[in-house]
Amino acid sequence: IPIGTETYVQQQLENLTREQTAALDKLQHFGCAESFVLLKSCFNTRPIYTMRGISPHLTTAMAASHDNQMEIALASSIGLASLSPTSVAVKNLPASLGGLGMRGMTALHRGAWVSSWLKSLQFARELFGRFFERWYRPVQFDMGVIREFFTDIPDGGDMAAVVLPILESTDEIPTQKVLVAKQDAAKHQTLLNSLKASDPLKASWLSSASTKGISSWLYIASNPLQGISISEDAYRDSLRLRLMVDVFDDPSHIRRRCEPCHCSDIDNFHALSCKGPSEIRKKRHDYIRNHVAKFLETVRPTMNVVKELTIPNALRGKPTCIADLSFTDSNQLKFLDVAISNPSTTRAASRSLSDRAGATAAEKEKEKQNKYKSSYGESILTHLVPFAIESTGRLGHMAESFLSAMARSDDRRDDRRVKSAKLLLSRQIAATLVEFNSKLFRVTRNKTIIIR
C-alpha cells in the first residue's frame, strides 16, 4: 500500500494496475469457462487489498480503470468488443440474483475501505483505551462514505458524532461483503425495472435466474465433477444469455422466421420453446429424469424406482398417463412427471413479471395436475409429483419441496451422503440445461430463414 503525497499515491496505483492486469492477454489461450474463473477469482480480486488501505477518493480512478479492463476481457471471452451497461450491471450482481458475482471495484472500493478503517479504529480503541480519546479526533475521514453504509448514525460532522457510535456499538463491524451486499437488492430491482420497460423477455429471464443453487455451471472449470461437463459452445451461449446478450449476433434490421413453428419475427428465446427440435427436447427431458432417478436411488437405497410406467385405472373414456418415474414413499405409490418450460415467452414473461418469479414453473405444475386429474380424478393428486423446471434451472415449488423431503434423514450418518447427492443433482440439472439449451439454439437457428 503506497504512502505519501496524493500525486505519489496516484502514480503508484497506476503502476499497480498495470502490474495486476499485465497477464490478461494470456486468457486468449484458455476456454471460455476457464477464462471466466480466472477473471472472477484471480484478476478481478487483486486490487481489493489496496482498496482496503487507501481512502476511496484516491482509489476511484484505479477502480474505474481496473473495471474497464475486466469488462473488455469478459466481453472478449464471449466474442464481443465491449459490454453494454445492462451486461455490466448483471456482471456485478451476485449469482443468486441472476448475475455473475464478479463485482466491479467501483462498487467495492468504498465498502472495502469503510469496513477495514472502522475495524482498525475499533482495534486501536481496544488496544489504547483512554489514550485513544486523545488522538482519534483529528483523524481525517470522508463522512459521506461512512453515511453511505450507516444511514442511522446521528447528525454531525466530526469523529465523535459519526464514527464513535459505530465503534461503541455492541454490533460487529460489518465486513466489506456485508456492507456491499446491502445494496444488491436495490441494484437488482433497478435493473429488473429497466428491462421490464425495454425488453420484457430478458427481464423474465433475469427474474427466473435470480435464485440460489442454479449457477454451479458458471464455476465448472474450478469445481469439476466426474460425469459432468459442458462444451465450449454451450458455456459461451449460456454466459451470453446470463449477460443479457443475444446468442447470435444478427444485425438489428434482420428478422427471422422459424419454419417448424411457422412463426415470423422470432425473438432471442424462441429456440427454448420451439417444437421443431423435438428429439433434443426429449433427450434433455430424459437426462433430467435419469438424474432424479439416480438421486432417489442414492438417498433411499431400498426404494424401487421405475421409469416410464403406464398408470392403470383411468376414468372411462379418458387416456392413460405415463409417469416418468414411479416409486413407493412412506408406503404410498408416487408418480413423478418432469416438465421443462421457457420463462421467456411473451406470455410467460407477462405472467412472471405481473405475478412472481417462478410463475412459469408454477403454471406447468398446475397444468400437470389438471392433466392427471382429468384422467384419474381428484385422488391422483396425492400421488403426483409435478417436477417442473424453468430453462434457467429454477425449480418449481413442488419440485423443491419434494427434493427437500427426500433429502431429510433421521440418521446423522446419512447426512453427508444425502447432502452430496442433492448437491450433485443440482449440478447435473444445471449442466444438462446449459448443454441442451445451447443445442436447441443452434439446431433451431439452422431451421430459420431471414425475412425482410
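**A cavity, a buried arginine and salt bridges**

Helix α19 supplies four residues to the lining of the largest cavity, the largest share. Helices here are DSSP runs (H or I, at least four residues), and strands are runs of E (at least two), numbered from the N terminus. A cavity is a set of points on a 1 Å grid over the protein atoms alone where a 1.4 Å probe fits but cannot get out; lining residues have an atom within 4 Å of a point. This is a predicted model: local features need pLDDT of at least 70, side-chain atom pairs count only at pLDDT 80 or more, and totals for chains, interfaces and linings use all residues. Residues are numbered from 1 along each chain, and side-chain values use heavy atoms, without hydrogens and water.

The lining has 13 residues, and Trp-205, Trp-217, Ser-391, Thr-392 and Val-434 are the closest to the cavity's centre. Helices α13, α14 and α19 each give at least two lining residues.

Now turn to charge. A salt bridge puts a side-chain nitrogen of Lys or Arg within 4 Å of a carboxyl oxygen of Asp or Glu. The structure holds 17 of them. Arg-289 bridges to Glu-308, with the closest N and O atoms 2.5 Å apart. Arg-289 lies in helix α15 and Glu-308 in strand β2, 19 residues apart. Arg-289 is buried at 9% relative accessible area (buried is under 20%, exposed over 50%, partly exposed in between, with a 1.4 Å probe and protein chains only). Glu-308 is partly exposed at 39%.

Arg-281 is buried yet has no salt bridge. Its side chain reaches the backbone oxygen of Cys-274 at 3.4 Å.

Technical notes:
1 Å grid on protein atoms, 1.4 Å probe; cavity = no way out; pocket = protein on both sides within 12 Å on 5 of 7 lines; lining within 4 Å. Lys, Arg positive; Asp, Glu negative; His and termini not counted. Polar contact = N/O pair within 3.5 Å; in protein donor to acceptor, adjacent residues only side chain to side chain.
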